[in-house]
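Hello,

Here is the structure I promised to pass on to you. Have a look at it first, and then read my notes below.

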Amino acid sequence: MAHDILIVDDEADIRMLIAGILNDEGMKTREAADADQAFAQVSARRPSLVVLDIWLQGSRLDGLQILEQLMRDHRNLPVIMISGHGNIETAVSAIKIGAYDFIEKPFKADRLLLMVDRAIEAARLKRENEELKLRAGGEVELIGRSTAVNHVRQSIEKVAPTGSRVLVTGPAGSGKEVVARLIHARSRRADGPFVGLNCATMRPDRLEMELFGTEAGVDGGGRKIGTFEQAHGGTLLLDEVADMPLETQGKIVRALQEQVFERVGGGQRVEVDVRVIATSNRDLQAEIDQGRFRQDLFYRLAVVPIRVPSLAERREDIPLLARHFMQRSAEAAGLPARDFGEDAMAALQAYDWPGNVRQLRNVVDWLLIMAQGDPKEPIRADQLPPEIGAITPTVLKWDKGGEIMGLPLREAREVFEREYLLAQVTRFGGNISRTASFVGMERSALHRKLKSLGVHGSEKGKLFVE
(Lines give C-alpha, C1' and ligand atoms only; values in the text may rest on other atoms or scores of the structure.)
Protein backbone atom coordinates (compact mmCIF):
# COMPACT_ATOMS: atom_id res chain seq x y z
CA MET A 1 0.00 0.00 0.00
CA ALA A 2 1.46 3.39 -1.07
CA HIS A 3 2.39 5.78 1.72
CA ASP A 4 0.21 8.90 1.97
CA ILE A 5 2.35 12.02 2.64
CA LEU A 6 0.94 15.42 3.61
CA ILE A 7 3.16 18.37 2.62
CA VAL A 8 2.53 21.60 4.57
CA ASP A 9 4.37 24.65 3.20
CA ASP A 10 3.29 28.19 2.32
CA GLU A 11 5.33 28.13 -0.91
CA ALA A 12 3.61 26.35 -3.79
CA ASP A 13 6.93 25.72 -5.57
CA ILE A 14 8.35 23.93 -2.53
CA ARG A 15 5.21 21.80 -2.19
CA MET A 16 5.42 20.88 -5.86
CA LEU A 17 9.14 20.03 -5.60
CA ILE A 18 8.68 17.75 -2.59
CA ALA A 19 5.58 16.13 -4.12
CA GLY A 20 7.50 15.37 -7.30
CA ILE A 21 10.34 13.69 -5.39
CA LEU A 22 7.94 11.53 -3.34
CA ASN A 23 5.63 10.72 -6.28
CA ASP A 24 8.60 9.43 -8.27
CA GLU A 25 9.15 6.89 -5.46
CA GLY A 26 5.53 5.64 -5.66
CA MET A 27 4.18 7.63 -2.74
CA LYS A 28 0.89 9.54 -2.75
CA THR A 29 0.96 13.19 -1.70
CA ARG A 30 -1.46 15.84 -0.51
CA GLU A 31 -0.75 19.52 0.06
CA ALA A 32 -1.69 22.27 2.51
CA ALA A 33 -0.57 25.93 2.61
CA ASP A 34 -1.52 26.82 6.19
CA ALA A 35 -2.65 25.42 9.56
CA ASP A 36 -6.36 25.24 8.74
CA GLN A 37 -5.76 23.36 5.50
CA ALA A 38 -3.35 21.02 7.27
CA PHE A 39 -5.81 20.14 10.05
CA ALA A 40 -8.61 19.68 7.50
CA GLN A 41 -6.45 17.22 5.52
CA VAL A 42 -5.47 15.25 8.63
CA SER A 43 -9.08 15.17 9.85
CA ALA A 44 -10.33 13.90 6.51
CA ARG A 45 -7.75 11.11 6.33
CA ARG A 46 -4.77 10.58 8.58
CA PRO A 47 -1.58 10.53 6.49
CA SER A 48 1.36 8.16 6.84
CA LEU A 49 3.67 11.12 7.45
CA VAL A 50 3.66 14.95 7.47
CA VAL A 51 6.40 17.12 5.99
CA LEU A 52 5.87 20.41 7.85
CA ASP A 53 7.48 23.81 7.29
CA ILE A 54 8.21 25.82 10.43
CA TRP A 55 7.57 29.30 8.99
CA LEU A 56 4.12 29.55 7.36
CA GLN A 57 3.33 33.01 6.05
CA GLY A 58 -0.34 33.99 6.44
CA SER A 59 -1.14 31.01 8.72
CA ARG A 60 -2.80 31.49 12.12
CA LEU A 61 -0.37 28.92 13.59
CA ASP A 62 3.29 28.34 12.79
CA GLY A 63 4.82 24.92 12.23
CA LEU A 64 5.77 24.29 15.85
CA GLN A 65 2.23 25.11 17.02
CA ILE A 66 0.78 22.81 14.35
CA LEU A 67 3.22 20.12 15.49
CA GLU A 68 2.04 20.47 19.09
CA GLN A 69 -1.59 19.93 18.10
CA LEU A 70 -0.75 17.01 15.83
CA MET A 71 1.18 15.32 18.64
CA ARG A 72 -1.75 15.86 21.00
CA ASP A 73 -4.35 14.36 18.65
CA HIS A 74 -2.18 11.86 16.70
CA ARG A 75 0.80 11.04 18.89
CA ASN A 76 2.07 8.24 16.61
CA LEU A 77 1.95 10.34 13.42
CA PRO A 78 5.53 10.87 12.16
CA VAL A 79 6.39 14.48 11.29
CA ILE A 80 9.51 15.82 9.55
CA MET A 81 10.12 19.56 10.03
CA ILE A 82 11.68 21.68 7.26
CA SER A 83 12.86 25.28 7.24
CA GLY A 84 15.02 27.67 5.26
CA HIS A 85 15.71 29.75 8.36
CA GLY A 86 16.41 27.05 10.88
CA ASN A 87 18.79 26.99 13.78
CA ILE A 88 19.84 24.52 16.44
CA GLU A 89 17.37 25.83 19.02
CA THR A 90 14.44 25.48 16.64
CA ALA A 91 15.44 21.95 15.66
CA VAL A 92 15.79 20.89 19.29
CA SER A 93 12.39 22.41 20.13
CA ALA A 94 10.73 20.52 17.27
CA ILE A 95 12.21 17.18 18.29
CA LYS A 96 11.28 17.75 21.94
CA ILE A 97 7.66 18.34 20.90
CA GLY A 98 7.62 15.08 18.95
CA ALA A 99 8.99 15.61 15.43
CA TYR A 100 11.00 12.70 14.03
CA ASP A 101 13.71 14.96 12.60
CA PHE A 102 14.54 18.37 11.14
CA ILE A 103 15.92 19.18 7.68
CA GLU A 104 17.10 22.52 6.33
CA LYS A 105 16.26 23.95 2.92
CA PRO A 106 17.65 23.52 0.37
CA PHE A 107 17.96 19.75 0.81
CA LYS A 108 18.98 16.92 -1.46
CA ALA A 109 16.29 14.56 -2.72
CA ASP A 110 18.17 11.50 -1.44
CA ARG A 111 18.36 12.92 2.08
CA LEU A 112 14.63 13.68 2.13
CA LEU A 113 13.72 10.20 0.87
CA LEU A 114 15.99 8.53 3.42
CA MET A 115 14.47 10.56 6.23
CA VAL A 116 10.91 9.82 5.09
CA ASP A 117 11.59 6.07 4.93
CA ARG A 118 13.22 6.05 8.36
CA ALA A 119 10.45 8.10 9.95
CA ILE A 120 7.71 5.82 8.61
CA GLU A 121 9.62 2.71 9.69
CA ALA A 122 10.27 4.14 13.16
CA ALA A 123 6.56 4.92 13.56
CA ARG A 124 5.65 1.39 12.49
CA LEU A 125 8.05 -0.17 14.99
CA LYS A 126 6.82 2.10 17.76
CA ARG A 127 3.22 1.16 17.03
CA GLU A 128 4.02 -2.56 16.96
CA ASN A 129 5.90 -2.26 20.24
CA GLU A 130 2.93 -0.57 21.90
CA GLU A 131 0.58 -3.23 20.58
CA LEU A 132 2.83 -5.98 21.95
CA LYS A 133 2.96 -4.30 25.36
CA LEU A 134 -0.81 -3.96 25.43
CA ARG A 135 -1.30 -7.56 24.46
CA ALA A 136 1.60 -9.19 26.25
CA GLY A 137 1.07 -12.90 26.15
CA GLY A 138 -1.26 -12.81 23.15
CA GLU A 139 -0.67 -15.58 20.66
CA VAL A 140 0.52 -14.71 17.16
CA GLU A 141 0.79 -18.19 15.72
CA LEU A 142 -1.59 -21.04 15.06
CA ILE A 143 -0.29 -24.14 16.86
CA GLY A 144 -1.40 -27.56 15.65
CA ARG A 145 -1.19 -30.15 12.90
CA SER A 146 -4.76 -31.47 12.96
CA THR A 147 -6.89 -31.51 9.82
CA ALA A 148 -9.18 -28.86 11.32
CA VAL A 149 -6.30 -26.45 12.03
CA ASN A 150 -4.70 -27.06 8.64
CA HIS A 151 -8.02 -26.15 7.02
CA VAL A 152 -8.08 -22.84 8.95
CA ARG A 153 -4.44 -22.22 8.04
CA GLN A 154 -5.19 -22.74 4.33
CA SER A 155 -8.15 -20.34 4.51
CA ILE A 156 -5.92 -17.68 6.08
CA GLU A 157 -3.32 -18.02 3.34
CA LYS A 158 -5.98 -17.66 0.64
CA VAL A 159 -7.92 -14.71 2.05
CA ALA A 160 -5.12 -12.65 3.62
CA PRO A 161 -3.74 -11.05 0.42
CA THR A 162 -7.17 -10.27 -1.07
CA GLY A 163 -8.34 -7.46 1.21
CA SER A 164 -11.79 -9.02 1.58
CA ARG A 165 -13.71 -8.66 4.83
CA VAL A 166 -13.67 -11.81 6.96
CA LEU A 167 -16.05 -13.17 9.60
CA VAL A 168 -14.29 -15.50 12.05
CA THR A 169 -16.62 -17.67 14.14
CA GLY A 170 -15.98 -20.23 16.84
CA PRO A 171 -16.46 -20.83 20.58
CA ALA A 172 -14.99 -18.48 23.18
CA GLY A 173 -11.28 -19.04 23.75
CA SER A 174 -10.73 -21.01 20.54
CA GLY A 175 -8.29 -18.51 18.98
CA LYS A 176 -10.41 -16.23 16.79
CA GLU A 177 -8.20 -13.20 17.45
CA VAL A 178 -5.13 -15.25 16.55
CA VAL A 179 -6.71 -15.94 13.16
CA ALA A 180 -7.52 -12.24 12.69
CA ARG A 181 -3.94 -11.21 13.52
CA LEU A 182 -2.52 -13.80 11.14
CA ILE A 183 -4.75 -12.51 8.32
CA HIS A 184 -3.45 -9.00 8.99
CA ALA A 185 0.18 -10.15 9.21
CA ARG A 186 -0.04 -11.94 5.85
CA SER A 187 -1.91 -9.13 4.09
CA ARG A 188 -0.68 -6.17 2.08
CA ARG A 189 -1.59 -4.07 5.12
CA ALA A 190 0.90 -5.78 7.40
CA ASP A 191 2.88 -2.55 7.83
CA GLY A 192 -0.29 -0.71 8.89
CA PRO A 193 -1.95 -0.73 12.32
CA PHE A 194 -3.97 -3.60 13.75
CA VAL A 195 -6.64 -2.13 16.02
CA GLY A 196 -9.09 -4.24 18.03
CA LEU A 197 -12.37 -3.29 19.68
CA ASN A 198 -14.21 -5.77 21.91
CA CYS A 199 -17.92 -5.04 21.43
CA ALA A 200 -18.85 -7.35 24.32
CA THR A 201 -17.01 -5.30 26.94
CA MET A 202 -18.19 -1.89 25.76
CA ARG A 203 -21.27 -0.11 27.08
CA PRO A 204 -23.77 0.47 24.22
CA ASP A 205 -23.68 4.24 24.75
CA ARG A 206 -19.86 4.26 24.51
CA LEU A 207 -19.43 1.91 21.57
CA GLU A 208 -20.22 4.47 18.88
CA MET A 209 -17.76 6.95 20.41
CA GLU A 210 -15.05 4.28 20.51
CA LEU A 211 -15.68 3.36 16.88
CA PHE A 212 -15.99 6.78 15.27
CA GLY A 213 -14.36 9.11 17.79
CA THR A 214 -15.71 12.42 19.07
CA GLU A 215 -15.26 16.08 18.29
CA ALA A 216 -14.02 18.51 20.93
CA GLY A 217 -16.63 19.31 23.55
CA VAL A 218 -18.40 15.97 23.37
CA ASP A 219 -18.35 14.07 26.65
CA GLY A 220 -16.52 16.96 28.30
CA GLY A 221 -13.18 16.48 26.55
CA GLY A 222 -11.16 17.29 23.47
CA ARG A 223 -11.27 15.56 20.13
CA LYS A 224 -10.92 11.78 20.40
CA ILE A 225 -9.80 9.64 17.49
CA GLY A 226 -11.90 6.47 17.19
CA THR A 227 -10.75 2.97 16.32
CA PHE A 228 -11.93 3.28 12.70
CA GLU A 229 -9.60 6.23 12.21
CA GLN A 230 -6.78 4.66 14.23
CA ALA A 231 -6.90 1.65 11.88
CA HIS A 232 -6.54 3.77 8.73
CA GLY A 233 -4.27 1.93 6.30
CA GLY A 234 -4.53 -1.26 8.34
CA THR A 235 -7.04 -3.65 9.90
CA LEU A 236 -9.87 -3.11 12.38
CA LEU A 237 -10.97 -6.13 14.43
CA LEU A 238 -14.57 -6.00 15.66
CA ASP A 239 -14.44 -8.66 18.36
CA GLU A 240 -17.75 -10.34 19.33
CA VAL A 241 -19.68 -8.23 16.84
CA ALA A 242 -23.04 -9.81 17.83
CA ASP A 243 -22.97 -7.64 20.98
CA MET A 244 -23.13 -4.44 18.95
CA PRO A 245 -26.39 -2.42 19.36
CA LEU A 246 -28.69 -2.35 16.33
CA GLU A 247 -28.38 1.42 15.92
CA THR A 248 -24.60 1.20 15.77
CA GLN A 249 -24.86 -1.72 13.36
CA GLY A 250 -26.65 0.54 10.89
CA LYS A 251 -23.86 3.12 11.01
CA ILE A 252 -21.24 0.41 10.57
CA VAL A 253 -23.00 -0.72 7.38
CA ARG A 254 -22.57 2.74 5.89
CA ALA A 255 -18.97 3.06 7.03
CA LEU A 256 -18.11 -0.32 5.51
CA GLN A 257 -19.76 0.54 2.22
CA GLU A 258 -18.43 4.08 1.77
CA GLN A 259 -15.29 4.04 3.99
CA VAL A 260 -16.55 7.42 5.25
CA PHE A 261 -18.07 8.42 8.60
CA GLU A 262 -18.60 11.38 10.91
CA ARG A 263 -17.23 11.68 14.42
CA VAL A 264 -19.81 11.86 17.21
CA GLY A 265 -20.79 15.51 17.67
CA GLY A 266 -19.34 16.58 14.35
CA GLY A 267 -20.46 17.04 10.77
CA GLN A 268 -17.18 16.64 8.89
CA ARG A 269 -16.85 13.53 6.75
CA VAL A 270 -13.78 11.48 7.60
CA GLU A 271 -12.32 9.18 4.95
CA VAL A 272 -10.58 5.97 5.92
CA ASP A 273 -9.07 2.96 4.21
CA VAL A 274 -9.71 0.10 6.61
CA ARG A 275 -10.08 -3.65 6.29
CA VAL A 276 -12.59 -5.00 8.80
CA ILE A 277 -12.40 -8.47 10.35
CA ALA A 278 -15.25 -9.46 12.67
CA THR A 279 -15.50 -12.32 15.16
CA SER A 280 -18.41 -13.95 16.96
CA ASN A 281 -19.01 -16.94 19.22
CA ARG A 282 -22.73 -16.85 18.44
CA ASP A 283 -24.80 -18.17 15.54
CA LEU A 284 -25.34 -14.91 13.65
CA GLN A 285 -28.04 -16.42 11.47
CA ALA A 286 -30.03 -17.21 14.62
CA GLU A 287 -29.39 -13.66 15.84
CA ILE A 288 -30.79 -12.34 12.55
CA ASP A 289 -33.89 -14.52 12.91
CA GLN A 290 -34.41 -13.10 16.41
CA GLY A 291 -34.09 -9.54 15.10
CA ARG A 292 -30.91 -8.85 17.07
CA PHE A 293 -28.50 -8.58 14.13
CA ARG A 294 -28.87 -6.79 10.81
CA GLN A 295 -28.86 -9.03 7.79
CA ASP A 296 -27.23 -6.39 5.57
CA LEU A 297 -24.35 -6.08 8.07
CA PHE A 298 -23.96 -9.86 8.17
CA TYR A 299 -23.55 -10.05 4.39
CA ARG A 300 -21.00 -7.23 4.40
CA LEU A 301 -18.95 -8.80 7.17
CA ALA A 302 -19.18 -12.43 6.06
CA VAL A 303 -17.63 -11.99 2.60
CA VAL A 304 -15.28 -14.83 3.57
CA PRO A 305 -16.35 -16.89 6.63
CA ILE A 306 -13.78 -18.87 8.63
CA ARG A 307 -14.77 -21.20 11.44
CA VAL A 308 -12.26 -21.93 14.22
CA PRO A 309 -12.80 -25.40 15.77
CA SER A 310 -13.13 -25.98 19.49
CA LEU A 311 -10.22 -27.65 21.27
CA ALA A 312 -12.33 -30.77 21.77
CA GLU A 313 -12.54 -31.04 17.96
CA ARG A 314 -8.75 -31.16 17.66
CA ARG A 315 -7.56 -33.14 20.67
CA GLU A 316 -4.50 -34.36 18.75
CA ASP A 317 -3.13 -30.78 18.95
CA ILE A 318 -3.23 -30.69 22.77
CA PRO A 319 0.32 -32.10 23.29
CA LEU A 320 1.80 -29.47 20.95
CA LEU A 321 -0.21 -26.67 22.55
CA ALA A 322 0.54 -27.75 26.13
CA ARG A 323 4.30 -27.96 25.54
CA HIS A 324 4.27 -24.64 23.65
CA PHE A 325 2.44 -22.88 26.49
CA MET A 326 4.71 -24.50 29.07
CA GLN A 327 7.83 -23.23 27.31
CA ARG A 328 6.41 -19.73 26.96
CA SER A 329 5.18 -19.57 30.56
CA ALA A 330 8.51 -20.81 31.87
CA GLU A 331 10.43 -18.16 29.92
CA ALA A 332 8.10 -15.42 31.15
CA ALA A 333 8.32 -16.57 34.78
CA GLY A 334 12.03 -17.32 34.74
CA LEU A 335 11.40 -20.91 35.82
CA PRO A 336 12.51 -24.23 34.31
CA ALA A 337 9.90 -25.72 31.99
CA ARG A 338 8.31 -28.97 33.16
CA ASP A 339 7.54 -31.95 30.96
CA PHE A 340 4.24 -33.84 30.93
CA GLY A 341 4.00 -37.52 31.81
CA GLU A 342 2.07 -39.75 29.42
CA ASP A 343 -0.71 -40.16 32.00
CA ALA A 344 -1.05 -36.38 32.43
CA MET A 345 -1.11 -35.82 28.67
CA ALA A 346 -3.72 -38.54 28.23
CA ALA A 347 -5.85 -36.86 30.90
CA LEU A 348 -5.50 -33.47 29.19
CA GLN A 349 -6.59 -35.02 25.89
CA ALA A 350 -9.56 -36.74 27.55
CA TYR A 351 -10.88 -33.47 29.04
CA ASP A 352 -13.57 -31.54 27.09
CA TRP A 353 -12.08 -28.02 27.56
CA PRO A 354 -15.18 -25.80 27.73
CA GLY A 355 -12.84 -22.76 27.75
CA ASN A 356 -10.88 -24.11 24.78
CA VAL A 357 -7.28 -23.01 24.06
CA ARG A 358 -7.48 -20.10 26.51
CA GLN A 359 -8.37 -22.52 29.33
CA LEU A 360 -5.53 -24.87 28.40
CA ARG A 361 -3.07 -21.97 28.52
CA ASN A 362 -4.32 -21.01 31.99
CA VAL A 363 -4.05 -24.62 33.21
CA VAL A 364 -0.45 -24.83 32.00
CA ASP A 365 0.37 -21.56 33.81
CA TRP A 366 -1.16 -23.05 36.98
CA LEU A 367 0.80 -26.29 36.63
CA LEU A 368 4.12 -24.49 36.21
CA ILE A 369 3.60 -22.68 39.52
CA MET A 370 1.43 -25.02 41.61
CA ALA A 371 2.19 -28.61 40.57
CA GLN A 372 3.84 -30.49 43.44
CA GLY A 373 6.96 -32.63 43.22
CA ASP A 374 10.43 -32.24 41.77
CA PRO A 375 10.40 -29.67 38.93
CA LYS A 376 12.74 -31.99 37.02
CA GLU A 377 10.15 -34.79 37.09
CA PRO A 378 7.29 -34.96 34.54
CA ILE A 379 3.87 -33.75 35.70
CA ARG A 380 1.60 -36.68 36.59
CA ALA A 381 -2.16 -37.01 36.13
CA ASP A 382 -2.79 -36.77 39.86
CA GLN A 383 -1.13 -33.33 39.87
CA LEU A 384 -3.62 -31.81 37.44
CA PRO A 385 -6.16 -29.20 38.63
CA PRO A 386 -9.30 -30.56 40.40
CA GLU A 387 -11.67 -29.85 37.50
CA ILE A 388 -9.59 -32.07 35.23
CA GLY A 389 -8.68 -34.65 37.89
CA ALA A 390 -12.37 -35.18 38.68
CA ILE A 391 -13.02 -36.70 35.24
CA THR A 392 -9.62 -38.39 34.82
CA PRO A 393 -9.90 -42.21 34.39
CA THR A 394 -8.86 -44.01 37.58
CA VAL A 395 -6.03 -45.89 35.90
CA LEU A 396 -4.32 -42.57 35.08
CA LYS A 397 -4.25 -41.58 38.77
CA TRP A 398 -2.31 -44.76 39.70
CA ASP A 399 1.38 -44.13 40.37
CA LYS A 400 2.19 -46.43 37.42
CA GLY A 401 -0.30 -44.62 35.18
CA GLY A 402 2.40 -42.62 33.41
CA GLU A 403 4.35 -45.81 32.65
CA ILE A 404 1.27 -47.68 31.38
CA MET A 405 0.10 -44.90 29.05
CA GLY A 406 3.45 -44.96 27.26
CA LEU A 407 3.26 -48.70 26.50
CA PRO A 408 1.47 -50.91 23.94
CA LEU A 409 -1.50 -52.89 25.31
CA ARG A 410 0.37 -56.17 25.79
CA GLU A 411 3.22 -54.60 27.78
CA ALA A 412 0.81 -52.39 29.75
CA ARG A 413 -1.22 -55.46 30.72
CA GLU A 414 1.94 -57.17 32.01
CA VAL A 415 2.82 -54.12 34.13
CA PHE A 416 -0.67 -54.05 35.59
CA GLU A 417 -0.77 -57.80 36.30
CA ARG A 418 2.65 -57.67 37.94
CA GLU A 419 1.74 -54.77 40.24
CA TYR A 420 -1.70 -56.21 40.98
CA LEU A 421 -0.48 -59.70 41.91
CA LEU A 422 2.47 -58.33 43.89
CA ALA A 423 0.06 -56.20 45.92
CA GLN A 424 -2.30 -59.17 46.52
CA VAL A 425 0.45 -61.58 47.59
CA THR A 426 1.82 -58.92 49.95
CA ARG A 427 -1.72 -58.33 51.23
CA PHE A 428 -2.00 -62.00 52.27
CA GLY A 429 1.47 -62.13 53.85
CA GLY A 430 3.01 -64.19 51.04
CA ASN A 431 0.43 -66.97 51.38
CA ILE A 432 0.06 -68.20 47.80
CA SER A 433 -2.93 -70.43 48.55
CA ARG A 434 -4.99 -67.59 50.04
CA THR A 435 -3.90 -65.23 47.29
CA ALA A 436 -4.85 -67.74 44.59
CA SER A 437 -8.26 -68.27 46.18
CA PHE A 438 -8.93 -64.54 46.35
CA VAL A 439 -7.86 -63.69 42.78
CA GLY A 440 -9.67 -66.74 41.35
CA MET A 441 -6.68 -68.75 40.11
CA GLU A 442 -5.32 -72.27 40.70
CA ARG A 443 -2.33 -72.25 43.07
CA SER A 444 -0.01 -73.76 40.46
CA ALA A 445 -1.22 -71.28 37.81
CA LEU A 446 -0.51 -68.38 40.17
CA HIS A 447 3.01 -69.72 40.79
CA ARG A 448 3.68 -69.85 37.05
CA LYS A 449 2.21 -66.36 36.48
CA LEU A 450 4.30 -64.85 39.29
CA LYS A 451 7.43 -66.51 37.91
CA SER A 452 6.73 -65.25 34.39
CA LEU A 453 6.27 -61.72 35.75
CA GLY A 454 9.51 -61.85 37.72
CA VAL A 455 7.91 -62.07 41.18
CA HIS A 456 9.47 -64.75 43.41
CA GLY A 457 9.18 -65.82 47.03
CA SER A 458 11.92 -66.67 49.51
CA GLU A 459 11.97 -69.48 52.03
CA LYS A 460 10.72 -67.04 54.70
CA GLY A 461 7.70 -66.04 52.64
CA LYS A 462 9.19 -62.70 51.58
CA LEU A 463 8.69 -61.51 48.03
CA PHE A 464 11.28 -60.03 45.77
CA VAL A 465 11.11 -58.76 42.18
CA GLU A 466 13.64 -59.31 39.46
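**Salt bridges**

There are 31 salt bridges in this structure, which is a predicted model. As background, side chains of opposite charge can pair when their charged atoms come close.

Are the two partners buried or exposed? Asp9 is buried, because its relative accessible area is 0%. Lys105 is buried too, with a relative accessible area of 18%, and the limit for buried is under 20%.

Next, find Lys224 and Glu210, where the closest N and O atoms are 2.7 Å apart. Lys224 belongs to the loop between helix 8 and helix 9, and Glu210 to helix 8; the two are 14 residues apart. Here Glu210 is buried, at 18% relative accessible area, whereas Lys224 counts as partly exposed because its relative accessibility is 30%.

Arg294 and Asp296 also form a salt bridge, with 2.7 Å between the closest N and O atoms. Arg294 is partly exposed at 31%, and Asp296 is partly exposed at 26%. There is a network as well: salt bridges with shared partners join Asp4, Arg30, Arg45 and Glu271.

**Aromatic pairs**

How many aromatic pairs does the structure hold? It holds five. In one of them, Phe212 and Phe228 are stacked, at 5.8 Å centre to centre with 5° between the planes. This pair links distant parts of the chain, since Phe212 is in helix 8 and Phe228 in helix 9 (residues 227-230), 16 residues apart. Both Phe212 and Phe228 are buried. Phe298 and Tyr299 make an edge-to-face pair instead, at 5.5 Å and 65°. Phe298 counts as buried at 16% relative accessibility, but Tyr299 counts as exposed at 51%. Ring pairs also link Phe212, Phe228 and Phe261 into a cluster.

**Nonpolar cores**

The largest nonpolar core has 31 residues, and those touching the most other members are Leu211, Phe228, Leu236, Leu238 and Ile252. Helix 10 gives the largest share of this core, four residues. Apart from this core lies another of 26 residues, including Phe325 and Trp353.

Enjoy exploring!

Terms used:
Residues numbered from 1 in each chain as written. Predicted model: local features only at pLDDT ≥ 70, side-chain atom pairs only at ≥ 80, totals over all residues. Heavy atoms only, no water. Core = buried A, V, L, I, M, F, W, Y, C linked by side-chain atoms within 4.5 Å. Buried < 20%, exposed > 50% of the residue type's maximum accessible area, 1.4 Å probe, protein only. Phe/Tyr/Trp six-rings, centres within 6.5 Å; stacked < 30°, edge-to-face > 60°. Salt bridge = Lys/Arg side-chain N within 4 Å of Asp/Glu carboxyl O.
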